[in-house]
Amino acid sequence: MSTEFNSMEDLAFSRSFRDWVLNREGAEKGFWENWIARNPDKTDMVKYAKAVIYALHGKKIVLSEDEIDEEVRKSVARLREAPRYIPLDGLEGGARRWLGLRGPQRIWAAAALGAALGLAAWFFYRMHSQRDPLLTFLNNHRKEAMHEQVTDDTDDDAFNLPDESLVKLGRSGKLYYPRDWTSGASRREVFLQGDAFFDVRKNQAAPFLVYTDELIVKALGTSFIVRSASSDSRPAVTVVTGKVSVYRRGDFFASASVGREPAGILLMPNQEGIFDRRTGRWQRTLIGVPEQMSEKPDTSLVFAGTPVREVFGRLQELYGIPIQYDEQEVARCCVSVRLGNESYFDHLRKICKAIGGSYEVIDGNVVVSAPACQGRSGGGPDR
Amino acid sequence: MSAVNLLGEDLHLWNEYRGGNADAFGALIRVHYSDLFHYGTRFTRDAELVKDCLQDLFLELWINRETISETSFVKYYLLKALRRKLTRRIGRSRYTGSWEELRFESLFAGSQVMETGIMREEGLAELAKKMRHALAGLSKRQQEVIYLRYYMDADIEEIAEIMTVNRQSVYNLLHESLKKLKKLSARPSRFFLFLPFF
């Protein structure tokens, strides 16, 4: 081991020194005690390096050895089923092999090619049939110069629309939008294939509409994610900030033609609307890990003898998720609780534990029931 | 156990993996899993997402093993690959902050300085607290540099590689951070005369 420690950083960033500071009985114990005795002039430096180590040393989220073993085992199991890597020169080799095919193989290959062409023709026909939503969209905007933004299957892309709304288009995505939105336009309309995030610039006069094959999303000035789904996944919309309305394509146009407000669902932050093709219904739920709407999340909420109504109010303010409860049930219910860096659902669990209640997520709302809390002054301090 | 031997072992496993030895690859993953996971959880609180990303990453590395280069910095190669993967995954699912940048979550904000019996030394706890406060005030990038330097034992060049920035920027980020800590010292000049990082 190097014995040159001339600066605070040399010490603070030395693994050996750190191990010794944090765990006095380490293997290097003798070395460091010795070194410090031999370098009385560096006492301050040592103290300083120690302070840095204590300051830097955070609580680690660690997995147990067993959990790591399990993860490694799963990963290795997946490798064994992995496809073989296809070298980059495979194309050339493929062409050569085709020429080398013998009679019957050629017939089969030709048949496969024929089938592929047939399929392509069918897709071409579908693309151009009147029922195609994209074609309808482009037809409606034929007077405007359309821009087509495409991402390939390896990259995503972030860019601004003419109104300076931000779009982050996921892999293998396509977004069609007019090159220019005149200031008088009454609607800002885009067509999306694939997944994208939108951060829409506020403009009350011109709602922002995202059209997809199945859904239409309407927003004023908010940010949200649209997954417009291939056949294997369900189309879904997730709200990051603000509110958006989501409609089924059919409902939207049916209502529009008779001048009624279309039936859709309204989504709040951290809520997700998923469309189930099979039942034709919407499912509203919360995302797995709700996050605070603010760029700077508040991770040290401390309540001491606070009415539980206020605690819920604060959570609703931070996360935008509606919390429902029986006003009378919790009228006199107070709670002392410290909410740190944990997840939203951990917050709820902590509060419910303190007030002897429980919660459920119903239709994207949190519903709290706390019959035991009536008249009580609240749970004890929770640390 | 010396660092040199560990590197040698890493290199051996890496070359075995490139030759198609799945057991060697498993052993390699095992060695670095804990560090990779910890780094990953700096960018998201969703531990399952990190595990998921790691699984995908390992699978990709395996499928492409024949085109992957020899490297003596296996750990940093993996950290960089994970960072890239998380950028894409989190960028795609959550879309907060700018597209390119991950939000490196502070280890320092909010939480208390670890109190231990060995901190009885006069003034140490107080100094550590002040430093922690100063650390929490650093930019996300500065915090990430410090984190990689401290927790992952990465040097300037390796940090530059992991974060895909140039060496000079890493040097500046680190230097600025240490300068802030230095201000907290009563007699700082002796300790910061030079920064022998390279």
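This passage describes a helix pair in chain B and a strand sheet in chain A. The model is predicted; local features need pLDDT of at least 70, side-chain atom pairs count only at pLDDT 80 or more, and totals for chains, interfaces and linings use all residues. Residues are numbered from 1 along each chain as its sequence is written, and chains are lettered from A and ligands numbered from 1 in the order in which they are written.

In chain B, helix α6 (residues 140-151) packs against helix α7 (residues 156-163) at about 125°, with axes 10 Å apart. Helices are DSSP runs of H or I, at least four residues, and strands are runs of E, at least two, numbered from the N terminus. Axes are lines fitted to C-alpha atoms, for helices over the stretch in contact; angles run from 0 to 180 degrees between N-to-C directions. α6(B) and α7(B) are therefore oblique to each other (under 35 degrees is roughly parallel, over 145 roughly antiparallel, 65 to 115 roughly perpendicular, the rest oblique).

In chain A, three strands form an open sheet, ordered β16-β19-β18, with mixed pairing. Pairing requires at least two DSSP bridges between two strands. β16 (323-325) and β18 (358-362) of chain A are at the edges, each with a single partner strand, so one side of each lacks a neighbour in the sheet. On average, neighbouring strands of this sheet are turned by 30° against each other, direction ignored. β18(A) and β19(A) (residues 365-369) run antiparallel and are joined by five bridges. A:Y359 stands opposite A:V368 in β19(A).
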